[in-house]
Amino acid sequence: MTRNIVYLLLFILFTTSCTKIKVTPSENLEVNNFIWKGLNSYYLWQNNVTDLADNRFLNTNSYESFLNSYSNPALFFENLLYQRNTIDKWSWIVEDYVALENSFQGISTHNGMEFGLVYEKGSASNIFGYVRYVLPNSDASNKNITRGMIFNGVNRVKLTSNNYKNLLFSNNEYTIDLADYNNGNPVTNGTSISLVKSSLTENPILINKTFNVGNKKIGYLMYNSFTANFDSELNAAFLALKNNGITDLIVDFRYNGGGSVASAVYLSSMITGQFNGELFAKQSWNSKIKFSNPQLLEDNFTDQIIKNNQQEPINSLNLDKVHIITTNSTASASELVINGLKPYIDVVTIGTKTHGKYVGSITLYDSPNLYDKKEINNNHFWAIQPIVFEIKNKLNTNDIDGFESDIQLAEEYENLGVLGELSDPLLNRTIKYITTGTKGKLNLKHENLTEFYNSKLALPTSNNMYIKIK
């Protein structure tokens, strides 16, 4: 890269008069009109959805009638998606694009406790939560919430698969009821902690340190989101690793659901450095979208971070091997790093299979060109984040079902250890592999417990891979 894509060169071919239909503004029509035109223009699977066809409507009356058949914009959006539960699991709509834009910057209303939710052993409804990590300078950190804590109730109400969203995500204050693990059937232990949400900005670089083990200097970076406004901090973290003279690198993506494609390219260029200008990944969009130059679809390794017309040299390690910690929460831009690096260097994954997210999105607004806020319709704040491209590596491959781990080891809910310390089983196992070369076997201790949700999935940018149209 670094390519400063001039997406103003991008245009849509409106092949029929349908896409030129003028709609008389009204409370019921404005948002649905914006949604339909955005998906008709950019949606990756537009050709597969009958109601998004260019010739779907004969005239303005039939188009307006279709728009008026839905009073709920979110439901209208959902019904235009292609095979929602199997193919397009990731497009989304928001009622407030300000919150969406904040989320891209790592800003959210948060109490600082990141957690996963798991079905109790033998139950199809009762669930428990476990603390994954805690954001610094948050209410959770101030109240001594720590990784590995188990809770099975909120506000004295037992957590179930039917009530968790209302209990944990609808209010800015709640009380968690702590429990003892009890072999997968947690028992409340009488301790409760009240937590209050506030506006927080998460630095995605949670841990950056170096381990000296024998003749090895092993760098460890826990990176929890590809947040573009922290690219310089990421570059500084690699400078610290470089100055420490590391011989090996561990990148921890276990809770990283993705983010900016540009940040993924920067990170991959920091790990390597010897492939500057070579193809890292290539995007494919729907057939209606034309680019003035096919190279605009390519993301190349780079030696510069470019932001606001300013350049910052990338601190590259020139490694020919990297170790990446993964779980099912490793998604999107995290998987892009794995896939994009595989044709060039040895990528060893440790943990469990990744999520399987091979497509990316853009933000569309109710404005004349849809992709920026110039002349935006100020009557509402709806925005959509539809899937618009598939992305593959140099070899024109990806893995739509996720990447199997080379060294298989599952997290143990009663023995999570401390992140960044040897008490963390995944980190410990990775260091042992680096120093001994032995892989070991999959830990199947929790094969009958299903983790089905986590706190990051409640954010507008969950499991996302996006680019910015400029």
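A polar contact is a pair of N or O atoms within 3.5 Å, where within protein one atom must be able to donate a hydrogen and the other to accept it, and where residues adjacent in sequence count only if both atoms are side-chain atoms. The views below come from a predicted model, in which local features need pLDDT of at least 70 and side-chain atom pairs count only at pLDDT 80 or more, while totals for chains, interfaces and linings use all residues. Residues are numbered from 1 along each chain as its sequence is written, and side-chain values use heavy atoms, with hydrogens and water left out.

**View 1. Arg132 and its polar contacts.** Arg132 lies in strand β5, residues 127-134 (strands, E, of at least two residues, and helices, H or I, of at least four, are DSSP runs numbered from the N terminus). With a relative accessible area of 4%, Arg132 is buried (buried means under 20% relative accessible area, exposed over 50% and partly exposed in between, with a 1.4 Å probe and protein chains only). The side chain of Arg132 makes a polar contact of 2.6 Å with the side chain of Glu451, and another of 3.3 Å with the side chain of Tyr130. Apart from neighbours within four places in sequence, the residues in contact with Arg132 include Glu114, Arg147, Tyr255 and Asn454 (contact means heavy atoms within 4.5 Å).

**View 2. Ser455 in the loop between β27 and β28.** Ser455 is buried, with a relative accessible area of 9%. Leaving aside neighbours within four places in sequence, Ser455 is in contact with Met113, Glu114, Phe115 and Phe169.

**View 3. The buried residues of helix α4.** In α4, which spans residues 97-104, Tyr97, Leu100, Glu101, Ser103 and Phe104 are buried. Seen down the helix axis, these buried residues fall within an arc of 155°, so they line one face of α4 (the arc is that of the directions from the helix axis to the C-beta atoms). The buried residues of α4 pack against β2, β3, β23, β24 and β28. At the start of α4, a side-chain oxygen of Asp96 reaches to within 3.0 Å of the backbone nitrogen of Val98, and α4 is followed by Gly106, whose phi is positive, near 85°.

**View 4. Where helices α7 and α8 meet.** Asp231, Leu234, Asn235 and Phe238 in α7 meet Ser263, Tyr266, Leu267, Met270 and Ile271 in α8.
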